[in-house]
Every structure is written in structure tokens, then in C-alpha cells.
Amino acid sequence: MTGLQKIGYSLVTVMKYVSLVFFAFVAVLPVVSCVITAFKTDAEYQNTNVMTPPESWFNFENFAQAFMKANMGKAFINSTVILISVLVVSVLVGTSLAYVLNRFKFPGNGLIRNLFLFATLLPGIAMQIAVYEIMYKLGFINSLMGYIIMMCGTDVIAIYIYIQFFENISVSLDESAIIDGASYFKIYYKILLPLLRPAIVTACILKGVGTYNEYYCANLYLQNKKLLPTVATSLYTFVGPLGSKYNLICAGVIISLLPALIVFILFQKQIYSGMTAGSVKG
């Protein structure tokens, strides 16, 4: 390796580390700013910049006010019910659809797969007029059950993850079970579904994060914010035409992050292994 090549290699290495540090800084800066702001009083927030540390790091009044005034207790209950219901239904529907599409060859199999692919190309916002009309006609506006049913809509990405995983499971398992007298449902429930655990973890992470953070549809269809708040919509209690209380908003953001952080810490091993094993292979 010549001197110029060594210099070029060194420059490339330095640029890599500089870019990594820069993007890490960009990613961490909003979180640090949010934490600092959450501990500030109203006077401190109005008279200091966002990166100035608060006078006291033991000021938990903002967290108490955010939890009580934004009705976050009720919001956590609603979001938990929505999240568990959506994940359970999505896993059952997605895995059963993938099982049928992968294991059974019938006229229209390819067409259904292509229609799923076509559905992913349609922007969700373009479908909202039709979806709102359906929700209104069915009486699902201001209905937690109606919102859950809408959120349980087919997750195309999860279905393709399941199909890809099914293709790596030998059909001989199905054939052996059929010889032993097992029904198709028993094959799916007793044999194949447990083998799909890594793919299910991956799909639940993708679906769960989107459902927990979902604001647009929750704000549109759960219009009674006092009775039907979610974690995402409750934070907008402190936003108004006369100004926004960003110190309380930041405190509420930190409170809303705690459940996800606890789940990640407790199940990080399963999450990492599930995302690695459940990733789509080329």
C-alpha cells in the first residue's frame, strides 16, 4: 500500500467516524433537550434556552401536573387495551393468511399477493375519506371498539414476513402431521405457529410501535378526548392558541416513554433475537 493509499484510507476512516458522531449527536440532541425542559419551571423555560440546565433536577411537579391534567392514567389504560387487542388480532389474522397463501395453491393465490403489494403503494392519507365514511356509517366514531377494529386492518408487511418465514419451514412437517391424523387447523396452531415466534416478535415490534405512537387516526376517530384519550393524544392537552406549555409536554413525553423503555430493558434479548431471526431474507 503506497503512501497516498494510506492517506486516502485514513481520510475515509476519519470521515466515517465523524459522520457517525454527527448523526448520533443529531439523534440524541432532541432527547437531551426534552429531558432538560421537563425539569424546568415556567419561569425557567421562558427565560432560558432549551439547553440551559434547570436549577433543580428534583423538580417533579411538571410530571405530576402532566400526568393529572392530561389524564394520562386513562390514556395508558386505553392505549394498553388498544395495543394488546390489535397485536393479538393482527398476529392471528396475519399468520393464518400467510399459512393459507403459502401452503395452499389455488386459483387467485398470486393475484391476492399482488393485491396486497398494490395496497402498500397506496398512501394512507388518500384513503381517509372512504375510511371515515365507513366508520361514520358503522357508528364507530368515538368508539374504542370501532377504533380497535380499524387498527386491526391487515398488516401487509407482517404478512410478507410470515410468508417468508413459512417458506423456510419444511412442508414435510405438514405431511407428517396429516399422516398422523392432524387437521389443517391443528397443524397451523400446534406445529407452525410456535415455529413462527421470531417472525411474530418482529411483526409485533413494527405494529406495536406504530399503534402506540399513532396520533392522526386516534385524534380523528376518538374525538371525545376526556373519555377516550390515548397516550399520543393526551400530550396535546397543553397545546393551545395562546401558547404551549412545552415543559409539561416534555414531562408527558418522558412519562409516555417509560413503559416502552421498561419493556425493552426486560425483553431486549428476545427483541434482538426476534428481529434477527425474523428478518426477511433475500
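This is a predicted model: local features need pLDDT of at least 70, side-chain atom pairs count only at pLDDT 80 or more; totals for chains, interfaces and linings use all residues.
Trainee: What makes the protein more spread out than a compact globule?

Mentor: The protein has 15 helices and 2 strands. Its radius of gyration is 24 Å, whereas the globule rule gives 19 Å for 282 residues; the value is well over the rule, so the protein is more spread out than a compact globule. Along the principal axes, the C-alpha trace spans about 75 × 75 × 35 Å.

Trainee: How many salt bridges does a search of the whole structure find?

Mentor: The search finds 3 salt bridges.

Trainee: Why is the pairing of Asp-174 and Arg-103 called a salt bridge?

Mentor: The N to O distance between these side chains is 3.0 Å. The cut-off is within 4 Å, for a side-chain nitrogen of Lys or Arg and a carboxyl oxygen of Asp or Glu, so the pair qualifies. The two residues link distant parts of the chain: Asp-174 belongs to helix H9 (residues 172-179) and Arg-103 to helix H4 (residues 72-103), 71 residues apart.

Trainee: How do you know whether Asp-174 and Arg-103 are buried or exposed?

Mentor: Buried means under 20% relative accessible area. Asp-174 stands at 6%, so Asp-174 counts as buried. Arg-103 stands at 16% and therefore counts as buried. In the protein, buried residues make up 33% of the 282 residues.

Trainee: Why is Asp-42 with Lys-245 called a salt bridge?

Mentor: The closest N and O atoms of Asp-42 and Lys-245 are 3.8 Å apart, and the limit is within 4 Å, so the name applies. This pair also links distant parts of the chain, with Asp-42 in helix H2 (residues 42-47) and Lys-245 in the loop between strand E2 (243-244) and helix H14 (246-266), 203 residues apart.

Trainee: What makes Asp-42 and Lys-245 partly exposed?

Mentor: Partly exposed residues fall between the buried limit of 20% and the exposed limit of 50%. Asp-42 has a relative accessible area of 39%, so Asp-42 is partly exposed. Lys-245 has a relative accessibility of 39% and therefore counts as partly exposed.

Trainee: Where do Glu-133 and Lys-137 lie?

Mentor: Both residues lie in helix H6 (residues 128-137), 4 residues apart, about one turn of the helix.

Trainee: Why is Lys-137 called exposed, and what is Glu-133 called?

Mentor: Exposed means over 50%. Lys-137 has a relative accessible area of 62%, so Lys-137 is exposed. Glu-133, at 41% relative accessibility, counts as partly exposed.

Technical notes: Residues are numbered from 1 along each chain as its sequence is written. Side-chain values use heavy atoms; hydrogens and water are left out. Buried means under 20% relative accessible area, exposed over 50%, partly exposed in between (1.4 Å probe, protein chains only). The radius of gyration is taken over C-alpha atoms; the globule rule is 2.2 Å times the number of residues to the power 0.38.
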